[in-house]
Amino acid sequence: VTTELTAGLRGILRFDEDRRWWARLALTDGVELWLLSWLPGQHTKPHDHGGASGSFTVLQGELGEEYRYPGGPIRRRTHAAGEGLGFGAGRAHQVTGLGDRPAASVHAYSPPLVSTREYTSLADVPAEIPPLPAIVRS
């Protein structure tokens with residue numbers, strides 16, 4: 001991750017002890033980009049991206065991820081600053097801020113404006129994740 005890019009993004013980052021913070025960076029017909037901050041222990045609920053593919057890159061700190069593809073086992077990964085990954089439409093996951101310092105990440109989704117679907121746990125991910133309709137932009 002280049003210093004020029006991360007310096008600009010760090011200038012708009014916010015950290016909130018009561019809830020995770022996020023801001024949309026861009027929205028086009030093909031993709032949306034988000035900046036997210038994570039204090040240690042802050043996490044998402046288990047969710048999928050409604051049929052959208054995605055990626056994320058860790059700008060600072062460390063993130064833990066539990067993920068599952070339908071019918072597959074629950075797996076765990078740790079993502080450190082500078083690391084990124086892409087994932088297909090059929091993936092569900094839960095992301096958590098790790099370590100003892102704040103983390104930040106940039107996420108991209110395509111198609112844009114597709115809702116997430118939450119689960120009680122990753123064990124509840126169905127054998128097939130059907131796509132959700134995109135929200136119509138006006």
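The protein carries 14 positive and 15 negative side chains, and the centres of the two sets lie 2 Å apart. Here Lys and Arg count as positive and Asp and Glu as negative, with His and the chain ends not counted. A charge is placed at NZ of Lys, CZ of Arg, CG of Asp or CD of Glu.

This is a predicted model: local features need pLDDT of at least 70, side-chain atom pairs count only at pLDDT 80 or more, and totals for chains, interfaces and linings use all residues. Residues are numbered from 1 along each chain as its sequence is written, and side-chain values use heavy atoms, with hydrogens and water left out.

**Overall build**

- The protein has one helix and ten strands. These are DSSP runs (helices: H or I, at least four residues; strands: E, at least two), numbered from the N terminus.
- From the N terminus on, the order of elements is α-β-β-β-β-β-β-β-β-β-β.
- The C-alpha trace spans about 40 × 35 × 25 Å along its principal axes.

**Surface and contacts**

- Of the 138 residues, 39% count as buried. Buried means under 20% relative accessible area, exposed over 50%, and partly exposed in between (1.4 Å probe, protein chains only).
- The protein exposes about 7500 Å², and carbon and sulfur atoms supply 52% of that area. Accessible areas come from the Shrake-Rupley method with a 1.4 Å probe; for residues, only the protein chains shown count as cover.
- Among contacts with a separation of 6 or more, 69% join residues 24 or more positions apart. Contact means heavy atoms within 4.5 Å.

- E32 lies in strand β2 (residues 32–38).
- E32 is buried, with a relative accessible area of 6%.
- Its side chain makes a polar contact with the side chain of W34 (2.9 Å). A polar contact is a pair of N or O atoms within 3.5 Å; within protein, one must be able to donate a hydrogen and the other to accept it, and residues adjacent in sequence count only if both atoms are side-chain atoms.
- The E32 side chain also reaches the backbone nitrogen of L113 at 2.6 Å.
- Leaving aside residues up to four places away in sequence, E32 touches R24, A26, L27, H107, A108, Y109, P112, L113 and V114.

**The loop between β9 and β10**

- P111 lies in the loop between β9 (103–110) and β10 (117–118).
- The peptide bond from S110 to P111 is cis, with omega near 0°.
- L113 is found in the loop between β9 and β10.
- L113 is buried, at 14% relative accessible area.
- Phi of L113 is near 60°, a positive value in a residue other than glycine.

**P40**

- P40 sits in the loop between β2 and β3 (47–48).
- P40 is partly exposed, at 37% relative accessibility.
- Not counting residues up to four places away in sequence, P40 touches G97, G99, D100, R101 and P102.
- P40 and L113 are 73 residues apart in sequence and 28 Å apart in space, C-alpha to C-alpha.

**R75**

- R75 is found in strand β6 (residues 75–80).
- R75 is partly exposed, with a relative accessible area of 45%.
- Beyond residues up to four places away in sequence, R75 touches E65, E66 and Y67.
- R75 and L9 are 66 residues apart in sequence and 30 Å apart in space, C-alpha to C-alpha.
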